[in-house]
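Hello,

Here is the structure I promised to pass on to you. Have a look at it first, and then read on for what turned up.

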Amino acid sequence: MGLKAVPIWVCFNHSLPQLGLSDFVQNKKKIQPLSSYRVNLASFKKWECKGLKLAQNEVSQIPVEDDEKPLSPPDLEGESSTDGKIEETQITESKGFHRDLNSLPKPLSATDLVSSSNDGSKVRVAYQGIPGAYSEAAALKAYPKCETVPCEEFESVFKAVELWLVDKAVLPIENSVGGSIHRNYDLLLRHRLHIVGEVQLIVNHCLLGVPGVRKEELKRVLSHPQALDQCEIALNKLGVVRVNAEDTALAAQVVASEGIRETGAVASSRAAEIYGLDILAQTIQDDLDNITRFLILAREPIIPGTDKPHKTSIVFTLEEGPGVLFKALAVFALREINLSKIESRPQRKRPLRIVDDSNKGSAKYFDYLFYIDFEASMAEPRAQYALGHLQEFARFLRVLGCYPMDTTL
């Protein structure tokens, strides 16, 4: 083909009430821990990735810059507060299945990835979670006829694309209520995938229960901690105990598998359909305008155009000096380029910068990476001139991707 790739700008001067399930007793017998809800899908070839199993050291290798070591995944699991009555515990194992759970795809893990043939008849899209997760809904919004591939962790989502197990990946990056997902910002820098699109998805939390139960009968509700926080008003009115789960869809699976009438879940309506649960209440989130933004990742960048609104995502670090951040942002303002997102993250490789002062000694403070989304295509000269101007005082600059904006909800 005679297409000419648009140059990608890179400049790198030098290195840069909550309880666990095991705390509840049903008929004087403790509920089984969560991890035994693992579904055996070995007999379902449709979802298996076939081929030679990769060695552990092959899976763990991640492309990084030549003279830069991989950044360690950040610890973004912020400390959870307690009120003295509620304590956080790990959800582990349980037994039992619900109806046709064996027909669901098995999540890929970072240490158990195998090669897979792809005939190109479908786009295979990886996401974190299990069927019924909001990430799966985002993948289906972007590619309605795609084959969705669940992964256990965000790290596994990146590796599935890098190892050619899937074609694309869908990754949540920010929520209008909960804010940015910092871990995924760090993984974007650690890996070499490109952003090729975005998806904005309205989050509609539903209260789910086993068939025939009324919401007044519930005594405990399972879900992801963020989903529970977003439905605080509705759950407080019910007077239920909130129980943490790894994600919303997994909470629905647990309720369906255990079949306990007193236990409900906060999850999507799609999760209710998949796991055979009743929707006891819809739209129970405190803020009705609850939107999550997802990024679409691929191994190769797309060729940007000017036929539709585009967004460009970059990450950079700056030299020390007064007003340097102001100068960095001014390169966009001077060219009337709108900034839609600004995020800062401390550098993990060199978190502290030391400045000598003869009068007061040495000062130490965080050295930051800046993530910016701006509304312009890299095919536009103004965007290219802006990044060229930014190079003058950026120690490191990388374009994460240029992609069409999602203007639909």
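Let me start with the cysteines. C151 is buried, with a relative accessible area of 1%, and C146 is buried as well, at 9%. As for disulfides, a search of the whole structure finds zero. In case the term is new to you, a disulfide is a covalent bond between the sulfur atoms of two cysteines. Please keep in mind that this is a predicted model.

Next, have a look at helix α9, which spans residues 324–333. Which of its residues are buried? They are V324, A328, V331 and F332. Seen down the helix axis, these buried residues fall within an arc of 100 degrees, so they line one face of α9. An α-helix has 3.6 residues a turn, so residues three or four places apart point the same way. On the face turned away from the buried side, α9 carries the exposed residues F326 and A333.

What do the buried residues of α9 pack against? Their partners are the strands β16 (310–318), β17 (339–346) and β20 (368–374), together with helix α10 (381–390).

One residue of β17 is worth a visit too: I342 lies in that strand. I342 counts as partly exposed, at 47% relative accessibility. Setting aside neighbours within four places in sequence, I342 is in contact with L329, Y371 and I372.

Enjoy exploring, and write back with any questions.

Best wishes

Notes: Residues are numbered from 1 along each chain as its sequence is written. This is a predicted model: local features need pLDDT of at least 70, side-chain atom pairs count only at pLDDT 80 or more; totals for chains, interfaces and linings use all residues. Side-chain values use heavy atoms; hydrogens and water are left out. Buried means under 20% relative accessible area, exposed over 50%, partly exposed in between (1.4 Å probe, protein chains only). Helices (H or I, at least four residues) and strands (E, at least two) are DSSP runs, numbered from the N terminus. The arc is that of the directions from the helix axis to the C-beta atoms. Contact means heavy atoms within 4.5 Å. A disulfide is a pair of cysteine sulfur atoms within 2.5 Å.
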